[in-house]
Structures are given as C-alpha cells and as structure tokens.
Amino acid sequence: MPSFYEKPLIRYPIYALIGVTVIAVLFLSFYNWIFGSILLVILATVLYFIKRALSDFKAEMEEYITTLSYRLKKVGEEALMEMPIGIMLFNDQFQIEWSNPFMTSCFDEDTLVGRSLFDLADSLVPLIKQEVESDTIALYEREFRVIIKREERLIYFFDVTEQIEIEKQYEDERTALAFIFLDNYDEVTQGLDDQTRSAINSEVTSLLNKWAKDYGVFLKRTSSERFIGVLNEDILTKLMKTKFSILDEVREKTTIHNVSLTLSIGVGSGVSSLQELGDLAQSSLDLALGRGGDQVAIKQQNGKVKFFGGKTNPMEKRTRVRARVISHALKEIVTESDKVMIMGHKYPDMDAIGSAIGILKVSQVNEKEGFIILDPDALDSGVEQLFAEVKLHPELWSRFITPEQAMEIMTDDTLLIVVDTHKPSLVIDERVLSRSEHVIVIDHHRRGEEFIKDPILVYMEPYASSTAELVTELLEYQPKHLKVNMIEATALLAGIIVDTKSFTLRTGSRTFDAASYLRAKGADTVLVQKFLKEDITSYVKRAKLIQNASIFKEGIAITVAEDHDFYEQVTIAQAADTLLTMNGIEASFVIAKRNEEMISISARSLGDVNVQIIMEALDGGGHLTNAATQMQHTTLQEAENRLKLTLEDYLEGGTKS
C-alpha cells in the first residue's frame, strides 16, 4: 500500500468506515438473515477487490519509482559525461584529479588527470586564489565562463564563445552619429570669386565622399559648411585606428587653393536612442569647436570623451560683434546682481590677476560692488611685483578678499565670474563655486572635458592670446563714462605680454588692438618690465634646470630637475621658454618638483608639436604652444617615463581619452 494510506490520519477513518459497515450489515441480519447474508458476501467481495487493487497499485508504484530512480541516475551520468559543460576536480596543489569527457575534448587530449591548472590557463589559478566566484577566460581560442566551487575544489566550464560573438556583433552594429563642420568655411571663402569657391567646394565634397565610401559611412551635406554622417561602432573603431586621417587630408588638399580649411567632427556613440545619439554628437561638436576646431571629439553616454587631431594652431575667427554682444550681456547680468565676485585659478598668474582687475572695473562702472577672491597662501612668486604695486593703491587693494570672507558676504543674488579657467578643480576655492547660483566663465583656453556646471554666460575664445585680451575688448563696450586708471590698464597689459611672450606667440591683430587701447588708457610699459623682473637666485635656478636638458627626439628637449631641488611654477615655465629659444628645439618640457608631494611639467612649442594634447594625456591642459600639468605623489623618474610614453604615442599619431 502507498505510504500515504498507511498514515494514521488516513488509515483510522477507513478502518472505522469498514467497522461501521460491518456492524450495519450484522444489525440488518438480525432482522432479515437472508438479506444480511447477501450484503455480507457483497461487502467481503468489495473489500477483497479493494485489497487486491491497492496491492497492485503499490506494486506498480514501486516499479515506477524504481524505474524513475534508474532513469534519473542515467540522466545524471549522461549530464556528467555527455552534456557540453566542462567539469573538473582539482587538488590543493592545483593539479587536475578528474575531468569529464567534454572538458578533455576541448584540449584534444586523452586525459587531463595529473596536469596542472597553470598549463590550462594562466588566469585560472589567480581567480581561485582571489576567491572570484565566476569569470570569463579564454581557452584554445574559445571563451568559457567558469564557476568555481572552492570547498568542493570543483570548476564548471560553460562555453560562451557564440554568446560573446553575438554580443560583439551587437556592439559593432550599434549606430553612431557624426556631425561634421567646416570650421572656417565662411572666413576663407569670403571675397573669393565663384569659380574658386566652387573648386574648393568640389574638392572638400569629393574628399569627404571618398572617405565615406571607403569606410561605409552614409554622408549627407545639410548646408554649405555642415555634413551629417551615419555609421556603426565597427566603422568608428576603424576610423579611430586611422586617427581620423580625413582631418589632415582636407587641410592639406585645400592649401592648393591658397586657403586652409579645417574640419571639426562631433561623434555620438554608445547608446541605442537616436535622440541621445544626436545630443551626444552635437555636444561633441561643441566641445571640438570650443577647443579650437580641426579635431574630432567622441562623446559616450558615460561622459568619457576621446579627442583626435587638434594639431594646428587655431585661426583667429572671433568678431567684434560677438565681443560687443557678450559685453552687453555681461552688463545686464552684473546690473541684476547685488554684488560681483571674481575668481581665477589656483596660483594665479599675471593673466588671471590682470583679467580679474579688468572685470572688477566692469562691476564698478555698472555701480555694483566687486571683489577679487585671492588665497594669500597660494600665490606665485611671478606676481609678487604686481601685488607690491597694487598695495600702493588702497582703493584697489581693498577689493581683494579671501575665500572665507567671500563665503560670508555672498548671497543668492551674488554673481561669480571665473576668469582664465573653466575647470572646477582649478578654481581658487571650489566652495565659492558651489555656493554661487549665477556663474559666468571667461577664458581663452581650449575647452576640456571638465567644465563648470550650468554657467549663465560663457565667453571662451581659444583664438585669443590671453583672458586679459578678452576682458580688454569687453571693457571697450562698457558705458562711455568708464575710466581705467594706470594700474588697472598696466595689469591687463602685463597679462597680455606674459601670455604672448612679449607679443611673439599666439598673437593676432586683435591682440595689438587691445594693447593699443590699454596704452591709450595709461598702461605703463616700463612698470610691466618691472613686474617681469627676476632676482639673481631665480636666474641661477633656471640656468641649472636648462643645464640638465637632453634631446629626447629630434627637436624635442626634456629637462628633469634634481630630486632634492624645489622650484616655483614661474621658474619652471621660464626654463621651458628659454629652451625653446635654442637652435633646433621645436618643443621643450621641464619636469621639476614644486614641493615634496607635487611635480610640475611645463611644456612649450613653436607650433609644430601640440603640447596641449600631450599635457591633457597627463591630466593637464593649456594651449597648442603653451601647456602644463601637475602630478601628485609620484617621482621625477616616473613623471619622466610617463611623459616619454605620451610623447611616443603622440609622435605615432596618438589620442587622448
């Protein structure tokens, strides 16, 4: 009988029912023995057949269970020995004790018993030691997902080669979107005759169409200076391997017509939504243009950006119309604020201080109280002479405050203007930045990935020589009763002179216009030279740096300071500038300690080497000809090695990501 029938809860009611039935039959027999006897016989017959049926059912059930157990055991053996899942047992010495036939067949051998796990895959034993539960490894050109059971010293191998191939195919076929912009099309074609303009158009269109056809990109021209390209991730990867050589082709081919057209490309990738792709592509294009053009920016959903190109000096493309519009917008925003705070970057240089003083003048002429935020414990020795002169003018010196004082007097209506930087990590005090709800950014550096969040106005011109030049132009369009005194004009002129190396680098026609305006306002060029003077000690230290210079590659000089010496940033920069004046030097890099924890690298070039890209790869930034970076908690030797690896990558046509 099945076990559930033998349970008291089931058995006792059945016995009771049979007993009641027998008593009822006997009671009927007392009144009618014939009828009772018939019922008794029927009851006995029924009980007999029930007993027999239960016996047969029990026998069949036992046979079924026995058969099922056998089948389950058989299936277990089949699964263990025949299913395409690798199973392996190993001992404490990481030697194989047993493996199923599938695992053995993967290695095309008769047996794996006795072999070491090190022989199978180099990464297998480290996974076991690191207590990783599951991971994917490569074995004999196949991909396996391994599940490790340490207590049983057991490893399962699941072949996921096809799955990974499908995933890769999906990744490769995802759509990417590219916005292509001819940076200076309007400027170079302005004034050209129709025949020349048509020839340039035909040349550019032909180059882009051939490039698109070669790589399988769908290309559509949407205006005289804009194209849109549709491609996939696989094509994008191939283009990245070529470092987007189309940039160089367009630049070189158009020079035949005595013009120099450059391309900027913004690419959106890594998402499935077409709307998000479009937003990423436009954001990438804005970033590429903000960095001066002639480059490719590839922005992904995670915020990571890769840059290609950007190896030419940006051409001057800003107009006085834009300067006037920005100046009027600045006037309106200042007027709506209760006070103005001005802040530059850490260890401010002459450009940062000069442009801050210029913006202070903007706030004063619009009858708003203005303050310049300065950290007295983080000043560069290069501006000491300037501050010594500023202290002789109490009305100006009283406008300089510390970050703590700024935090105390700031309100929700206070305007913060950040000059000479656009990176939150580089401002004098990030607390002030996060405290302000209204921020304006004025900068001349090429835009980087890191940017101040949600500014209400941005005036970034990488074509300008300095932020002081930009601020000077803004001053020209402020109210006519503006009166700039001698020290203010001199500070602005000093910022321009320092950043242009006395009008020798990154100098456009607008730079001289700004200098002329400041000179007319009373800027003292003799005082500027006084600001730029250095003492004998600094001169000797700089000479010591230059003495250690060596040629890394043709035209590239690298200087590494002594390990026990510490240098001011201005001395390091001056050493790089001096190296650049030597015969045969196209680019110079100076590596020196600022203090025990910080190493600084200053980079300079004559234009053929883009030191901005090189410094960005080392988490720094700057301009094509003037850039720098700082490294924390490293050694001079490690810094030099990193720089040389980055230079090797750049010279081979590398990228920054």
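Author: Happy to! Bear in mind that this is a predicted model. The chain has 25 helices and 23 strands.

Reader: Is the chain spread out or compact, going by its radius of gyration?
Author: It is more spread out than a compact globule, because its radius of gyration is 40 Å, well over the 26 Å that the globule rule gives for 657 residues. Along the principal axes, the C-alpha atoms fill a box of roughly 145 × 65 × 65 Å.

Reader: Nice. What share of the residues counts as buried?
Author: That would be 47% of the 657 residues. The accessible surface of the chain is about 33,200 Å², and carbon and sulfur atoms account for 54% of that surface.

Reader: Let's zoom in. Where is Ser 602 found?
Author: Ser 602 sits in strand S21, which covers residues 598-605.

Reader: Is Ser 602 buried or exposed, and why?
Author: Buried, because its relative accessibility is 1% and the cut-off for buried is under 20%.

Reader: Which side chain does the side chain of Ser 602 make a polar contact with?
Author: With that of Gln 569, at 3.0 Å. Leaving aside residues up to four places away in sequence, Ser 602 also touches others, including Ile 572, Ala 576, Phe 589 and Ala 628.

Reader: Switching topic: how many positive and negative side chains are there?
Author: There are 70 positive and 99 negative ones, and the centres of the two sets lie 3 Å apart.

Key. Residues numbered from 1 in each chain as written. Predicted model: local features only at pLDDT ≥ 70, side-chain atom pairs only at ≥ 80, totals over all residues. Heavy atoms only, no water. Helix = DSSP H or I, 4+ residues; strand = E, 2+ residues; numbered from the N terminus. Buried < 20%, exposed > 50% of the residue type's maximum accessible area, 1.4 Å probe, protein only. Polar contact = N/O pair within 3.5 Å; in protein donor to acceptor, adjacent residues only side chain to side chain. Contact = heavy atoms within 4.5 Å. Rg over C-alpha atoms; globule rule 2.2 N^0.38 Å. Areas by Shrake-Rupley, 256 points an atom, 1.4 Å probe, with all protein chains shown as cover. Lys, Arg positive; Asp, Glu negative; His and termini not counted. Charge placed at Lys NZ, Arg CZ, Asp CG, Glu CD.
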